[in-house]
Amino acid sequence: MDNHDRIIKNFQQLVSKGQTKVRADALEIIEYGIQKAIPYNGTREIVKLSECFLWIGDHKIALQAIHNIYFIGAGKGSYPIARAIDEILKDKITQGFLAVKEGEKSRLDHIEVYESSHPLPDERSVFCAKKIKEILDKAVEGDIIIAAITGGSSALINLLPDNLPIDDLKTVNDLLLKSGASIGKMNAVRKHLCMLKGGRMVVYAHPAPIFTLTLDTAPPDLPWPDLVLADPSTFQDAIDILKNYDLWDNIPPSVRNHLEKGLDCPDMETPKSLAAYQNYLFSVADPRSTCLAAAQRAEELGYSAHILSTYIEGEARELGIFFSGLANEIATRNRPFRAPCALISAGETTVTIAGKPGKGGPNQETALGFVNKLYTFRNVACVSIDTDGTDGPGDIAGGITDATTRERAAALGLNLAQSLKEHDSSTILLALEDAIMTGHTGTNVMNLRVVVIE
């Protein structure tokens, strides 16, 4: 792959030290996986336009029967979907609005692109939600709505209930992100603090059909496109989650009041079924295809490829330790796999934070957790990356470590164990020049990890 085509901008820096061969191979495998996850091509395969018809999947719609085509979107991976729609439909789009993460500077000809806030919501999130609600309210019978909803939409758009200030919502999100709760649990709370989420977008669109393009339609709790999905969780679930993670007494009174009010007001509850509405969902990229592409490249590079799982959740640091245990076993006893091999996985890990944290993110902690318990000196490398290009609140996408990392860290006077304890992984990785930089990748299909054992 030519350097100018690379997603990883500091590729040459990352392979200039340590065990260079396995580092280069691991990064190459990751690159191919992310390339497959970019949803532009998947969107163009699903949405097609002829002289008389618009095809969305297996839905064939006569253009003369359509009054207006509206586009709405939000998410860290939504821009490539919107770009494909903009190129296909051009001026057939009556109105379009897309909320993207701050820093996405690309713009479109027929769809308004607005930079919003992530990972914590702010006033821009409210503005974007209101713009989307205005478009939904315009739609009538004979119109259609095309939506692009991907990960990150929970922060990027928020239609607030009455008497719930945005700063209070921001506080709740911050507490949830530090709690170690899974994305499914966090979203169960968020859906009951926003008037768009939990399927309400579909309700507002009625009677117009809504066709949603997203990055995955298969995970068990479908966290990404929950704006257009019926919500099995309840106000009671949201309260229980906050109490179980010891957050209930720390959240603002306005949030507690709203959630408790929802217990006694069935009309406030999110819809539990959307069967009465025209609601269609399409996947234009997913973790399974991403891992398969990574595995294919690993095989081409001479490794036996093993996709361990696309559903891995849990504490990021502990996952790194688990992978180091596997690597130690393979390197010394050739089990459960024989070297040379590549271990590939995807999933959404979390970090539980107590006290004031340093700078870092779950993928960086996975990479450092891996090397902190790595005992072999064979050629071994671990790459862990957030496919959207931002791991945590900073601009680092993830990290790479190998069997020389501890030695290099010690030479610089860096304490890996202390860094992990203080959740300060970015400081270590930047000092080692092992922090991965990509910028916005144009996708977001969970975290992607590769462990290469030569």
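Which residues do ring pairs link into a cluster? Ring pairs join Phe97, Tyr114 and Phe127 in this way, and the views below begin with that cluster. The model is predicted, so that local features need pLDDT of at least 70 and side-chain atom pairs count only at pLDDT 80 or more, while totals for chains, interfaces and linings use all residues. Residues are numbered from 1 along each chain as its sequence is written, and side-chain values use heavy atoms, with hydrogens and water left out.

**View 1. The aromatic cluster of Phe97, Tyr114 and Phe127.** Rings of Phe, Tyr and Trp (its six-membered ring) pair if their centres lie within 6.5 Å, and planes under 30 degrees apart count as stacked, over 60 as edge-to-face and the rest as tilted. By this rule the count comes to five aromatic pairs. One of them, Tyr114 with Phe127, is tilted, with 4.7 Å from centre to centre and 40 degrees between the planes. The pair links distant parts of the chain, since Tyr114 belongs to strand E6 (residues 112-116) and Phe127 to helix H5 (residues 123-138), 13 residues apart; helices (H or I, at least four residues) and strands (E, at least two) are DSSP runs, numbered from the N terminus. Tyr114 counts as partly exposed because its relative accessibility is 25%, and Phe127 is partly exposed with a relative accessible area of 35%, where buried means under 20% relative accessible area, exposed over 50% and partly exposed in between (1.4 Å probe, protein chains only).

**View 2. Charged ends over the rings of Phe53 and Tyr40.** A charge sits over a ring if NZ of Lys or CZ of Arg is within 6 Å of the ring centre and within 35 degrees of the ring normal. The charged end of Lys60 is placed in this way over the ring of Phe53, 4.3 Å from its centre, and that of Arg83 over the ring of Tyr40, 3.9 Å from its centre.

**View 3. Helix H4 (residues 79-89) and the residue that follows.** Nine of the 11 residues of H4 are buried, so the helix is largely enclosed by the rest of the structure. Among the buried residues are Tyr79, Ile81, Ile85, Asp86 and Leu89. Just after H4, Lys90 takes a positive phi of about 50 degrees.

**View 4. The contact of helix H2 (residues 20-37) with helix H12.** The two axes come within 7 Å and cross at roughly 145 degrees, where axes are lines fitted to C-alpha atoms, for helices over the stretch in contact, and angles run from 0 to 180 degrees between N-to-C directions. The crossing of H2 and H12 is right-handed; a crossing is left-handed if the near helix is turned anticlockwise from the far one by less than a right angle, and right-handed if clockwise. Contact means heavy atoms within 4.5 Å, and the H2 residues that meet H12 include Glu28, Tyr32 and Lys36, while those of H12 include Ser289, Ala293 and Arg297. The residues of this contact divide into seven nonpolar, three polar and three charged, with Ala, Val, Leu, Ile, Met, Phe, Trp, Tyr, Cys and Pro counted as nonpolar, Asp, Glu, Lys and Arg as charged, and the others, Gly among them, as polar.

**View 5. Pro287 in helix H12 (residues 287-300).** Pro287 counts as buried because its relative accessibility is 2%. Pro287 and Lys36 are 251 residues apart in sequence, yet 9.3 Å apart in space, C-alpha to C-alpha. Not counting residues up to four places away in sequence, Pro287 touches Leu215, Asp216, Thr310, Ala346, Val445 and Met446.

**View 6. The contact of helix H13 (residues 316-333) with helix H14 (residues 362-372).** These axes come within 7 Å and cross at roughly 35 degrees, in a right-handed crossing. The residues of the contact divide into six nonpolar, four polar and two charged.

View 7. Most residues other than glycine have a negative phi, and most peptide bonds are trans.
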